[in-house]
Amino acid sequence: QVQLVESGGGLVQPGGSLRLSCAASGFTFSASVMRWYRQAPGKERELVASISSAGSTTNYADSVKGRFTISRDNAKNTLYLQMNSLKPEDTAVYYCKCRSFDTWGQGTQVTVSS
């Protein structure tokens, strides 16, 4: 079955960086559009970034454009999110998801605070 395991979250100061990873299994990762979402306390889950199956096309929410970079390693079945210049408003649980399935991982907590 589809499994998604996010990791790499933590506590970071404003202006800092983190790199999230998502290990995927149970489906053909290399043929799948992948996405990162986040959910802040009291808010709805929002789409942060997406990447095409080959990694040639990426899209970002306006709130993270220029600061976050989505990438993938199809040989390792792993999705990444490099987050730079982090702001307190980036605090959320971050999830990866395959566009073709409704399965969610457990998420990884990112907290940006001084």
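1. A nonpolar core is here a set of buried Ala, Val, Leu, Ile, Met, Phe, Trp, Tyr and Cys residues joined through side-chain atoms within 4.5 Å, where buried means under 20% relative accessible area, exposed means over 50%, and partly exposed lies in between (1.4 Å probe, protein chains only). The largest such core in this structure has 29 residues, and those with the most contacts inside it are Trp 36, Leu 79, Leu 81, Met 83 and Tyr 94. The elements that contribute two or more residues to this core are strands S3 (18-25), S4 (34-39), S5 (46-51), S7 (68-73), S8 (78-83), S9 (92-98) and S10 (108-112); strands (E, at least two residues) are DSSP runs, numbered from the N terminus.

2. Some remarks on the basis of the note come next. The model is predicted, so that local features need pLDDT of at least 70 and side-chain atom pairs count only at pLDDT 80 or more, whereas totals for chains, interfaces and linings use all residues. Residues are numbered from 1 along each chain as its sequence is written, and side-chain values use heavy atoms, with hydrogens and water left out.

3. The sheet that contains S4 and S9 is open and has six strands in the order S2-S10-S9-S4-S5-S6, with mixed pairing; two strands pair if DSSP finds at least two bridges between them. Strand S2 (10-12) and S6 stand at the edges, and because each has a single partner strand, one side of each is left without a neighbour in the sheet. On average, neighbouring strands of this sheet are turned by 25 degrees against each other, direction ignored, the axes being lines fitted to C-alpha atoms and the angles running from 0 to 180 degrees between N-to-C directions. Within the sheet, S4 and S9 run antiparallel and are joined by six bridges.

4. S8 pairs with S3 in the antiparallel sense over six bridges, with Leu 20 standing opposite Leu 81 in S8. S8 also pairs with S7, again antiparallel and over six bridges, and here Leu 79 in S8 is the bridge partner of Arg 72. Met 83, leaving aside its neighbours within four places in sequence, is in contact (heavy atoms within 4.5 Å) with Gly 16, Ser 17, Leu 18, Leu 20, Arg 67, Phe 68, Tyr 94 and Val 110.

5. In the hairpin of S7 and S8, which has four residues between the strands, Asn 77 takes a positive phi near 55 degrees, and at 28% relative accessibility Asn 77 counts as partly exposed. Ser 85 has a positive phi of about 50 degrees although it is not a glycine; Ser 85 lies in the loop between S8 and S9 and is partly exposed, with a relative accessible area of 41%. As background, most residues other than glycine have a negative phi.

6. Arg 38, in strand S4, is buried with a relative accessible area of 5% and stands opposite Tyr 94 in S9. Its side chain makes polar contacts (pairs of N or O atoms within 3.5 Å, of which, within protein, one must be able to donate a hydrogen and the other to accept it, and with residues adjacent in sequence counted only if both atoms are side-chain atoms). Among the partners of the Arg 38 side chain are the side chains of Glu 46 at 2.6 Å, Tyr 94 at 3.0 Å and Ser 63 at 3.4 Å. Ser 63 sits in the loop between strand S6 (58-60) and S7 and counts as partly exposed at 38% relative accessibility.

7. The structure holds four salt bridges, each a side-chain nitrogen of Lys or Arg within 4 Å of a carboxyl oxygen of Asp or Glu. One of them joins Arg 38 and Asp 90, with the closest N and O atoms 2.9 Å apart; since Arg 38 lies in strand S4 and Asp 90 in the loop between S8 and S9, the pair ties together parts that are 52 residues apart in sequence. Asp 90 is buried, with a relative accessible area of 1%. Arg 67 also forms a salt bridge with Asp 90, at 2.7 Å between the closest N and O atoms, and this pair links Arg 67 in the loop between S6 and S7 to Asp 90 in the loop between S8 and S9, 23 residues apart. Salt bridges that share partners join Arg 38, Glu 46, Arg 67 and Asp 90 into one network.
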